[in-house]
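Please keep the sequence and the 3D view at hand while reading.

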Amino acid sequence: LAEKLQDTFKRLKGKGKLTEKDVTEAMREVRLALLEADVNFKVVKEFVNKVKERSIGSEVLESLTPAQQVIKIVNDELTDLMGKAQSKINFSSKPPTIIMLVGLQGAGKTTTTGKLAGMLKKQGKRPLLIAGDVYRPAAIKQLQVVGEKVGVPVFTMGDKQSPVDIAKAGIDHGINHGNDVVLIDTAGRLHIDEDLMGELQDIRSTVKPHEILLVVDSMTGQDAVNVAEHFNEKLGIDGVILTKLDGDTRGGAALSVRAVTNKPIKFAGLGEKLDDLEPFHPDRMASRILGMGDMLSLIEKAQENFDAKKAKELENKIKNQQFTFDDFLDQLQQVQQMGSIGQLLEMIPGMGGKQLKNLDVDEKELVYVKAIIQSMTKDERQNPSIINGSRRKRIAIGSGTSVQQVNKLLKQFDQTRKMMKQFTDMGKSAKKGGKFK
Ligand code: GDP
Ligand code: MG
């Protein structure tokens, strides 16, 4: 999807003005791309119409950079579609808050129950997990393992009691042990079936959960929408947790689930590890689906803060592979003026999410970064490839840092070189659009 849309936008770039025909044509491709991404057709139709409405006419035509404006509109509408603000857990004013996680087998309920408990614990809560899946072999053990890893107790009564009794007893146990949140892991089925729905309804009416969160595998695309619709109808859900977004290349589920059920996506699962759970951010997801980061605000920010002449010099340096540590230092200072580095990197295509974490730029580290660069000789700054092991040691000692920190910076420098190259390429295409002078 990302590639498709980027192609479309590339075509729009470099145009002076957007005509109705341009918009229509672009939207046809957006529609195809969305359908291909397995987005619900009703959602696509609505979405395309909305964007079209907003794009054609004065709003876009009056703009200096029509392509950028369309990008922004598509981005805004995608964000709207997935819910404007990020949704949170509704905690009960009278603890414990009872959260029930439901969903099909393999969606990620047990894992997510553990992840969520771990997250809540970090926020200062005292969660308790209740093992309510008595059908799947080893489901209880699985929850116990997960609970142990995140340091949260697990209540179980084995697999001989009914889930309703277990849930009830578990909540009593939680009340007696001062737990302020209890999370009930429930059984799933391979497909939606009425037995399962009946059982979940029984649990619901007995324990009266404050939150019923539906766990949905985002890789299932269109199916995820049907599942969400059905659970919502039969059980009434308060929110959705989309799992396996790390593997979701199409983004269709995220797009449609919210629009079809009108329930917020509250969290996103981004991997198998127990800290791979994040609050769901519709704006970030929109950017991710567009595959281009928040290109527009990057361009705006760059315009505000970037000295054009310096940029030109830099561009030439990068082109000629002469970008040095001295420039890097310079660059860091400019970037600081623009806002946080994290923010900035997030806006650069392909640098969001996971990659950003790996890059791990901490602003407090800037102090060290400067110290390290200042401990380099002139030659080293101009030509970092000569910085071998013994030089690294010397630089570390000189700057009061460690060899690891020096290594890290050298790696970051390399990444920045690449990033800056991307940045100038982008600047060039924006210039053709007429605004970035
Ligand atoms: P349940 O049947 O709904 O309880 O699903 P499980 O919690 O047992 O998860 C099924 C599989 O999905 C396990 O192998 C999990 O590790 C995996 N899983 C769960 N959430 C995620 C996620 O966000 N990303 C990835 N990559 N795998 C996940
Ligand atoms: Mg399970």
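Which residues are buried in α7? They are Ala 139, Ile 140, Leu 143, Val 146, Gly 147 and Val 150, where buried means that 20 or more other C-beta atoms lie within 10 Å of a residue's own, exposed means 12 or fewer, partly exposed lies in between, and C-beta atoms are placed from the backbone. An α-helix has 3.6 residues a turn, so residues three or four places apart point the same way.

This is a predicted model, in which local features need pLDDT of at least 70 and side-chain atom pairs count only at pLDDT 80 or more, while totals for chains, interfaces and linings use all residues. Residues are numbered from 1 along each chain as its sequence is written, and chains are lettered from A and ligands numbered from 1 in the order in which they are written.

On the other side of α7, Lys 141 and Glu 148 are exposed. The buried residues of α7 pack against α6, β2 (127-132), β3 (154-155) and β4 (181-186), with a contact defined as two C-beta atoms, placed from the backbone, within 7 Å. Gly 151, with a positive phi near 70°, follows α7.

In α3, the buried residues are Val 43, Val 44, Phe 47, Val 48, Val 51 and Ser 55. Seen down the axis of α3, they fall within an arc of 125°, so they line one face of the helix. The face turned away from that buried side carries the exposed residues Lys 42 and Asn 49.

The table gives the two helices, which are DSSP runs (H or I, at least four residues; strands are E, at least two) numbered from the N terminus; the expected span is 1.5 Å times one less than the number of residues.

| Helix | Residues | Length | Span, first to last C-alpha | Expected span |
|---|---|---|---|---|
| α3 | 41-55 | 15 residues | 21 Å | 21 Å |
| α7 | 139-150 | 12 residues | 17 Å | 16 Å |

Around ligand 1 there are 20 residues, the closest being Gly 108, Lys 109, Thr 110, Thr 111 and Gly 269; a residue is near a molecule if its C-beta atom, placed from the backbone, lies within 6 Å of it. Helix α6 (residues 109-122) supplies the largest share of this shell, 4 residues.

The chain averages a pLDDT of 78, and 68% of the residues score at least 70, pLDDT being the predictor's confidence in each residue, from 0 to 100.

Terms used. The arc is that of the directions from the helix axis to the C-beta atoms.
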